[in-house]
Every structure is written in structure tokens, then in C-alpha cells.
Amino acid sequence: MHTELCDRLGIEFPIFAFTHCRDVVVAVSQAGGFGVLGAVGFTAEQLEVELKWIDEHIGDKPYGVDIVIPGKYEGMGEMDPEKLEAQLRELIPPQHREFCGKLLADHGVPEIPSDEPKRQELLGWTEATAAPQVECALRHEKVRLIANALGTPPKDVIDQIHGADRLVAALCGRPAQAVKHKEAGVDIIIVQGGEGGGHTGDIGSMVLWPEVIDAVAPTPVLAAGGIGRGRQIAAALGMGAQGVWTGSIWLTVEEAEATPTQMESYLSATSADTVRSRSWTGKPCRMLRNDWTEAWEKPDSPDTLGMPLQGMLVSDAMSRVHRYAGPAQKVAFNPVGQIVGSMNEKLPVRDVIYSLVSEYVDSVERLQSLEPKE
């Protein structure tokens, strides 16, 4: 399973793990993979706290940070986060806030006490909010890779990361997007099939992976979208990928910070229980289907807003469903890919890595056994 990227990053296995949980980042990197912390939910100050903790616990292992700078979004060009948030807040129609509030109230989800500080609405989703996150990440020597989850990173961001001697990665869901990444100087293309969790396109992995690998060669490619088994890693590397980008399977590990209610939702779900919805972020995002996603599809619902307006709109809802996980179960945000149907057991990260590697080896040996006998 050792590839060129393993040598460039100093890792044992080309298994990249996207997660919002710092404990998972550390556990994956210590087990031989490459942990990547999703930064979109943190302010720059909060991200500094998370990265400092990772530095203190990860030893001499490398890790990465994932940011979100969409190629197109409302308010594009404004680089003052406070001004941008104020401008965007004015664009959110009152009926949308009323719809969200009623939906939560109908499901018995309590409001956050009025004497507590409110969650900042504009976290991530723009260059203005991601720029301080990049600056923060680059202050940490063990951060060897910065990935952009949506769109080609702006040229100045790519130059900034390269100037700090780090690698730049970017996700895509179509060959044309991958080519644009390559032309912009992105070092690693992450190609995600529609089966994947979170923001994803609609082309299946088995079709998309080889298309992109051929289109951007020799730029290294990480395969993503529905990967949770070693045999899938074997297929990806067999097609020419230099590694895999995984996400969903880390939601149910022992180190994950999911609430018991959310954990049970994942463990009991099948591969048919997910849906691509714009109802939480404004862009197509795969998650578990529930009353929230269904409500936004009904004829009497308001249309979802674009990014980052929809994310700002549901900021309060995000806080409430996280805090009151029990009553919020039917309206919670549970991003996950179709691999959720195979996520039936809560295991430590190290065991998951071992299982992936073991099944990969078995798959490669099986293929070798099929070679013609002389």
C-alpha cells in the first residue's frame, strides 16, 4: 500500500482521514495514516486551541487541516469578516428564520438560554473567514497539508501555503474541476464520488476516479466517496490513485465526539438512508434523511439559500440540535456517506486502520491468485 505520497508526507499508509474531532486526527496519524482536521466550524482562535492540543499529543507525526473556500458564494470579494457577516445577515429573509424556528419548536427542541452568548453565524464558508484559519495552520510545523473542500483555492492562498513549504490539496466531483485544480498549482487532487458524505457531486466513484486520474496525470490523486473497506482501497490504488480520502467511517470510532444519539443514528442506518440536501449548508451535502431534510423538500417550504446564507440561517439550529441531541434526533444534522450501511460497530481508530490494511492485503493477494498459471 506504500505510495509516493507516503514518502512525501512521512506516513506508513496512504489513508487520509477527514474529521472534525482532534482525538481522531491524533489516533489516525499515530496508527500510520494521515489525520486531517476540518476547520470550518472553528474561529481562528478556536482552531489555534485545537491545533496546539494536536501538536502536544500527536508526537512526531504529521497531519493536515481542511478549510472551505467555495469557488462561488454570496458576498465574494469582501475580506472583512465582520462587514461580510453584517451584509449577509441582511439578505436572510425573515420567513426563512420563522420556518427554521417553527420546525425546531414542532419537534420540541428547546431554545438556547438567552443569557448565553450566541454562536457566531459566519464560520468558514468564505475566503474572509478561511484566511485567518490558513494563517493559524501555517504556524504549526506538523501541519503538512492544507486541503480546500469546495472549489479551487484562490491563487494567493496557494502561494501562501507553498511559500510555507506545505502541500495544497483540493476536492472535486467532476473532471473539469480537477483540471482547474491542476492548472492552479494544486499538489494533490481529491476526487470524491457521489456516494461520499458531506459536500459531494452526483457522479459515482467507479466512473469518476479513473476519469480524473487520467485527466490530471501525473498529479497525484486521492480517491474518495464511499470508502470504508480495504477492498475499496485496493480498487482505488489499482485504478491509479496514490491513496484514499475517507471521512464517514471516523464518525463511529471510539475516539469520535458524536453524541450517543447521533452515534446510534449512524450505527443503525443503512446505505439507503442518506440523501443529498442543501438544507444545512446551501450546497448539495449528503446526510441522513430525517424530518429536517424532508421538510425542506415540501412544496410549502421556502427555497434553500445559497452558501454561506443557508449556513448562517441554520446556525442557531445547529447549536440547538447539538446541545439537545435527544429531542432533536429527527431534525439533527448527520452528514455521512452511503458507506454508513457498513458502519455497524464502534471500534477504536487503530482497529479500523488495521482492518482496512488487512482487507487490502487480502484483496491484492486474491487478484494475484487470478493471474494465469504458466
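This is a predicted model: local features need pLDDT of at least 70, side-chain atom pairs count only at pLDDT 80 or more; totals for chains, interfaces and linings use all residues.
Biologist: How many strands close into the barrel, and in what order?

Modeller: There are 8, in the order β1-β2-β3-β4-β5-β6-β8-β9, with parallel pairing; strands here are DSSP runs of E with at least two residues, and helices are runs of H or I with at least four, numbered from the N terminus. Two strands pair if DSSP finds at least two bridges between them.

Biologist: Which residue stands opposite D66 in β3?

Modeller: That is G38, and strands β2 (residues 34-38) and β3 (residues 63-67) are joined by 3 bridges.

Biologist: Is T19 buried or exposed?

Modeller: T19, which lies in strand β1, counts as buried because its relative accessibility is 7%, where buried means under 20% relative accessible area, exposed over 50% and partly exposed in between (1.4 Å probe, protein chains only).

Biologist: And what does T19 touch?

Modeller: Leaving out residues up to four places away in sequence, T19 touches V24, V25, V36, L37 and G38, with contact meaning heavy atoms within 4.5 Å.

Biologist: Switching topic, which residues touch the most other members of the largest nonpolar core?

Modeller: Those are I15, L51, I54, I233 and W250, out of 72 residues; such a core is a set of buried Ala, Val, Leu, Ile, Met, Phe, Trp, Tyr and Cys residues joined through side-chain atoms within 4.5 Å. Helix α15 gives the most to this core, with 6 residues.

Note on methods: Residues are numbered from 1 along each chain as its sequence is written. Side-chain values use heavy atoms; hydrogens and water are left out.
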